[in-house]
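This report describes how two chains meet and which local features stand out. The structure is shown first, and the description follows.

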Protein chains: 2
Amino acid sequence: MVPAPLPQQLADLSDLVGRMCTHAAGSLQSATAALLECRERLALQVIAREPELDALRVETEELARDALLFHQPVAGDLRSVVSTLRSAGDIDRMNRLALHVAEAVQRRHPAPTLPPEVRDDFAEMGRVAVALAVKAADVVRSRNVVRAIELDHDDDAMDVLHRRMFEVLMDPHWPHGVATAVDVTLLARYYERFADHAVAVARETVYAVTGEEPDAIPI
Amino acid sequence: MVPAPLPQQLADLSDLVGRMCTHAAGSLQSATAALLECRERLALQVIAREPELDALRVETEELARDALLFHQPVAGDLRSVVSTLRSAGDIDRMNRLALHVAEAVQRRHPAPTLPPEVRDDFAEMGRVAVALAVKAADVVRSRNVVRAIELDHDDDAMDVLHRRMFEVLMDPHWPHGVATAVDVTLLARYYERFADHAVAVARETVYAVTGEEPDAIPI
């Protein structure tokens with residue numbers, strides 16, 4: 001089979017990574033709805049869709065290797081391929097974190113997983129995390145560095161929510177006992193990590209476009 | 001500057017990734033000692049050594065890109081470079097998790113972070129996680145697929161310890177309150193994730209040597 005020209009392969013790679021990111025956003029959106037509304041069937045749907053993301057990841061990695069193998073890209077093109085490989089790992093992790101949320105819903109069903117005190121905070125964490133993933137998908141497709149750098153600031157909202165969750169848990173009058181606190185602790189961590197990986201995906205685009213290592217950019 | 005020949009660059013890459021992995025193992029070993037013995041100064045030493053790992057990661061990624069750029073590797077050589085890039089991300093994460101343990105010690109000092117009931121379990125989780133990282137470093141250097149596959153079984157011990165920790169926390173007679181339970185929950189998760197990333201590093205070597213995607217190998 002004749003490989004596609006490099007610009008076409010790079011465009012296909014961006015599209016695949018963008019689709020992975022959109023998929024992860026969708027997983028977390030559904031998992032959050034399942035969490036807030038105790039909807040076991042919705043949680044099971046999230047879990048059942050895992051193979052779709054695995055297939056996208058395999059396709060992405062195969063195409064990235066083909067691009068390296070057939071076109072020996074240099075400079076910005078090489079960075080694009082390398083950043084694709086790294087982003088695919090981050091997005092895979094995002095989707096697994098969404099699955100962890102869905103699995104927690106399934107495990108506790110029919111009991112609600114969340115106590116009422118933290119329900120609104122989780123609704124907000126879900127909103128922020130999904131918005132970050134949707135924006136990261138847009139950054140991957142548009143290669144818009146300005147929007148990529150915005151994500152780092154957007155993530156501050158998640159950090160505030162995550163810290164507030166611990167204040168709620170540390171309240172000496174927390175009435176729900178240790179088991180619920182453990183669930184809430186882990187769930188909050190899943191959202192925080194999901195958001196962090198979305199920021200990492202956007203930073204990969206910064207690296208691909210500018211050649212600056214994501215960690216070296218003062219954002 | 002004339003780039004080194006590809007076999008030399010690949011050997012240097014294995015060595016760098018092996019050193020990163022050994023560094024992460026050392027970080028977690030020290031952080032665990034600090035955790036078990038309430039040694040704040042040791043925790044601070046772990047935190048202070050973070051830039052060393054960052055430098056190794058930057059060096060690894062630059063060398064990987066040079067190898068792609070100057071030698072356009074194919075087949076197994078290409079897989080080796082790609083697996084290096086992925087492993088570097090996993091090991092960076094391992095080291096950050098070790099730092100999280102050290103930061104928890106620092107945050108609670110001079111109070112002990114762990115209640116006595118879980119001290120032995122954390123000593124064992126530390127031992128298992130450090131052994132996995134040391135073995136992963138050896139796999140990276142030796143490219144020994146049999147030892148790589150062993151890691152997946154070694155990790156079962158961590159899963160057992162991690163599950164037991166939740167049983168301890170869920171005991172209705174848990175006497176240490178919610179704040180301590182939250183700390184223990186997160187710390188246990190750090191060890192479990194550290195071990196998981198070490199297994200991922202070993203799987204990357206399997207991929208590099210055999211061409212099988214890590215997830216496709218029945219281990």
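In this predicted model, A:Arg86 forms a salt bridge with B:Glu61, and the closest N and O atoms are 2.6 Å apart. A:Arg86 belongs to helix α4 (residues 75-108) of chain A and B:Glu61 to helix α3 (residues 50-71) of chain B, so the pair joins two chains. A salt bridge here is a side-chain nitrogen of Lys or Arg within 4 Å of a carboxyl oxygen of Asp or Glu. Helices (H or I, at least four residues) and strands (E, at least two) are DSSP runs, numbered from the N terminus. Side chains of opposite charge can pair when their charged atoms come close.

The side chains of B:Arg86 and A:Glu61 also meet in a salt bridge, at 2.6 Å from N to O.

Residues are numbered from 1 along each chain as its sequence is written, and chains are lettered from A in the order in which they are written. Local features need pLDDT of at least 70, side-chain atom pairs count only at pLDDT 80 or more, totals for chains, interfaces and linings use all residues, and side-chain values use heavy atoms, with hydrogens and water left out.

**The interface**

In total, 34 residues of chain A are in contact (heavy atoms within 4.5 Å) with 34 residues of chain B. The two chains bury about 2900 Å² between them, 67% of it on carbon and sulfur atoms. Buried area is the accessible area (1.4 Å probe) that two parts lose on being put together, summed over both. On the chain A side, A:Arg65, A:Val178 and A:Arg189 lose the most area to chain B, together 19% of what that side buries.

The axes of helix α7 (residues 177-210) of chain A and helix α6 (residues 145-170) of chain B come within 8 Å and cross at roughly 135 degrees. That makes α7(A) oblique to α6(B). Axes are lines fitted to C-alpha atoms, for helices over the stretch in contact, and angles run from 0 to 180 degrees between N-to-C directions. Angles under 35 degrees count as roughly parallel, over 145 as roughly antiparallel, 65 to 115 as roughly perpendicular and the rest as oblique.

In this contact, A:Val178, A:Ala179, A:Val182 and A:Leu186 of α7(A) meet B:Phe166, B:Leu169 and B:Met170 of α6(B).

**Annotated spans**

The UniProt annotation "domain: PhoU", from an unreviewed entry, covers two stretches of chain A, residues 18-105 and 123-204.

| Span of chain A | Distance between end C-alpha atoms | Helix and strand |
|---|---|---|
| Residues 18-105 | 27 Å | 93% helix, 0% strand |
| Residues 123-204 | 28 Å | 90% helix, 0% strand |

UniProt positions are given in the numbering used here, feature names are shortened, and annotations may be inferred rather than shown by experiment.

A cis peptide bond joins A:His109 and A:Pro110, with omega about 5 degrees.
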